[in-house]
Amino acid sequence: MSADKGADFALVGVGKAYGSVCVLAGASATFTGGRAHVICGPSGAGKTTLLRLLLGLEAPDAGSVARPRGARLAATFQEDRLCDNLTATANVRLPHAHLRGDQKASFLARERQALESVGLTVDARPVRELSGGQRRRVALLRCVLADADALFLDEPLRGMDEATVERTMAYVAPLLAGRSVFWVTHDERERRWLSGCEDWRVEEGLVRRA
Ligand SMILES: Nc1ncnc2c1ncn2[C@@H]1O[C@H](COP(=O)(O)OP(=O)(O)OP(=O)(O)O)[C@@H](O)[C@H]1O
């Protein structure tokens, strides 16, 4: 991996509006590479918009967004965006379709262990038959098991009870270490899972350290 992939992400004077709705107005921020960033703020303030700008899914109206050259990105969105007719395992392995032979066998074993670790059964049911919290865990695993340098997670634990969150994060938290992680949440207690995280707030058109 080239050194650049773990470099910082940054906003420089970013403005973003949707029609008459001004979301960001001259927002500047530097997100240290290889760290977790917990992003909070009122509903509608622009947290998802910030993720989409950092991912390159939206272009800023003003200013610029810098992301490490060559960095591989993975995301979970507020909607699960699973393939409804596929099983949990088929969804999680989608980014790994290129693997063959021993590498494939090794990933499949890891995937099985991952699903069981977060309390999901490995079976033939399509994910459309799973509960909201079960689907959320499938989407989360697909993201964190992806071979990515930076992970973007928009309210990834929504819909899970406390015990399920504990169990899920006991497996997921170690997989986040050393990667650039952007974690949007309304529950600041989730920061306990993200060791050494930097806290951010999106509010009133700006992105600031909390
Ligand atoms: N594609 C779009 N078209 C029009 N308006 C949009 C679009 N995406 C977001 N917005 C508006 O931009 C503002 C910021 O939305 P965003 O989803 O980024 O907020 P958020 O902080 O993630 O909110 P929440 O906490 O409720 O998920 C809102 O007023 C929203 O209605």
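Tutor: Before we start, a polar contact here is a pair of N or O atoms within 3.5 Å. Keep in mind that this is a predicted model.

Student: Okay, how far is the polar side-chain atom of glutamine 78 from an oxygen atom of the ligand?

Tutor: Glutamine 78 is among the closest of the 14 residues that surround the ligand. Between a polar side-chain atom of glutamine 78 and a ligand oxygen, the distance is 2.8 Å.

Student: And which element gives the most to the shell around the ligand?

Tutor: Two elements give two or more residues to that shell, β2 (21-31) and α1 (47-55). Lysine 47 has a polar side-chain atom 2.7 Å from a ligand oxygen, and for threonine 49 a side-chain N or O atom sits 2.6 Å from one. With 3 residues, the top contributor to the shell is α1.

Student: How much of the ligand's accessible area does the protein cover?

Tutor: Start with the ligand on its own, which has 640 Å² of accessible area. The share of this that the protein covers is 60%.

Student: Moving on to the largest nonpolar core, which element supplies the largest share?

Tutor: That core has 40 residues, and Leu141, Leu151, Met169 and Leu176 have the most contacts inside it. Helices α3 (101-117), α4 (132-144) and α5 (162-176) are among the elements that each supply at least two of its residues. The largest share, 7 residues, comes from α5.

Student: How many residues are in the second, separate core?

Tutor: This one includes Ile39, Val65, Val184 and Val207. Its residue count is 24.

Definitions and conventions:
Residues are numbered from 1 along each chain as its sequence is written. This is a predicted model: local features need pLDDT of at least 70, side-chain atom pairs count only at pLDDT 80 or more; totals for chains, interfaces and linings use all residues. Side-chain values use heavy atoms; hydrogens and water are left out. A nonpolar core is a set of buried Ala, Val, Leu, Ile, Met, Phe, Trp, Tyr and Cys residues joined through side-chain atoms within 4.5 Å. Buried means under 20% relative accessible area, exposed over 50%, partly exposed in between (1.4 Å probe, protein chains only). Helices (H or I, at least four residues) and strands (E, at least two) are DSSP runs, numbered from the N terminus. A residue is near a molecule or strand if one of its heavy atoms lies within 4 Å of it. A polar contact is a pair of N or O atoms within 3.5 Å; within protein, one must be able to donate a hydrogen and the other to accept it, and residues adjacent in sequence count only if both atoms are side-chain atoms. Accessible areas come from the Shrake-Rupley method with a 1.4 Å probe; for residues, only the protein chains shown count as cover.
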